[in-house]
Amino acid sequence: MRTDYPVNRDLAEEYFDLTDDSEEAEAAIVFITSPDSDTGGYSIEDRWTGGNGYIPITLQYGTYKAVHARAHSIAAGDPVVDSLVTDRSYRGKEVTPANTRDLTTVLDTRTVMRGKPIIVVVNASKPLVVSEFEPEVDGLVIRFGVSDQAVFRYPYRSFRTDGAVAGTISG
């Protein structure tokens, strides 16, 4: 289990006894970020291989295939990017977020914690789909830039553990 601390560790220790040992921990807090479509919806590689360059932007952590996208886009291409593209449709194209490992981290944490409570804190920068992991966690905090202290107050009040808490971050 990777145990980097994406938040102020000293502050976390005011609320919890931290440990890197899942056997010793009574609960786990896993910090992840919103799915990262690092291409921004455009792939020069797709364009160079005969596509129009436009690819989906995903809101989920696993690979997303645009099965139900429009066959022909409402919008034309961008004359600044490529004047030959007249359709932005990305139907049938797939994209995997750069941080797909976040999903694996949450699911792996469920395994190593063996039924102990898991809280996922998402450092969110955009909407996301949590259905890939939500059934596997006991608490979910969506964080849009709030302080570390605000993040720790919720799980502390919810679980009131007197024992140790394991901390993990994906990446």
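Buried here means under 20% relative accessible area, exposed means over 50%, and partly exposed lies in between (1.4 Å probe, protein chains only). This is a predicted model, in which local features need pLDDT of at least 70 and side-chain atom pairs count only at pLDDT 80 or more, while totals for chains, interfaces and linings use all residues. Residues are numbered from 1 along each chain as its sequence is written, and side-chain values use heavy atoms, with hydrogens and water left out.

**View 1. Strand E2 and its partner E5.** Helices (H or I, at least four residues) and strands (E, at least two) are DSSP runs, numbered from the N terminus. Because seven of its nine residues are buried, E2 is largely enclosed by the rest of the structure. E2 pairs with strand E5 (residues 118-123) in the parallel sense over six bridges; two strands pair if DSSP finds at least two bridges between them. Look for Phe31, which stands opposite Val121 in E5.

**View 2. The largest nonpolar core.** A nonpolar core is a set of buried Ala, Val, Leu, Ile, Met, Phe, Trp, Tyr and Cys residues joined through side-chain atoms within 4.5 Å. The largest one has 15 residues, and those with the most contacts inside it include Ile32, Val106 and Val122. E2, H3 and E5 are the elements that give two or more residues to this core, and E2 gives the most, with four. Apart from it lies another core, of 12 residues, among them Ala12, Ile119, Val141 and Phe152.

**View 3. Helix H3 and its buried side.** The 13 residues of H3 (residues 101-113) should span 18 Å at 1.5 Å a residue, and the end C-alpha atoms are 18 Å apart, which agrees; the expected span is 1.5 Å times one less than the number of residues. Buried in H3 are Asp102, Leu103, Thr105, Val106, Thr109, Arg110 and Met113. They cover an arc of only 165° around the axis, so they sit on the same side of H3; the arc is that of the directions from the helix axis to the C-beta atoms. Just after H3, Arg114 takes a positive phi of about 45°.

View 4. Ser37, in the loop between E2 (25-33) and helix H2 (44-48), is buried, with a relative accessible area of 10%. Leaving aside neighbours within four places in sequence, Ser37 is in contact (heavy atoms within 4.5 Å) with Ile57, Thr58 and Lys126. Leu59, in the loop between H2 and strand E3 (64-65), counts as partly exposed at 35% relative accessibility. The C-alpha atoms of Leu59 and Pro127 are separated by 6.6 Å, although these residues are 68 residues apart along the chain.
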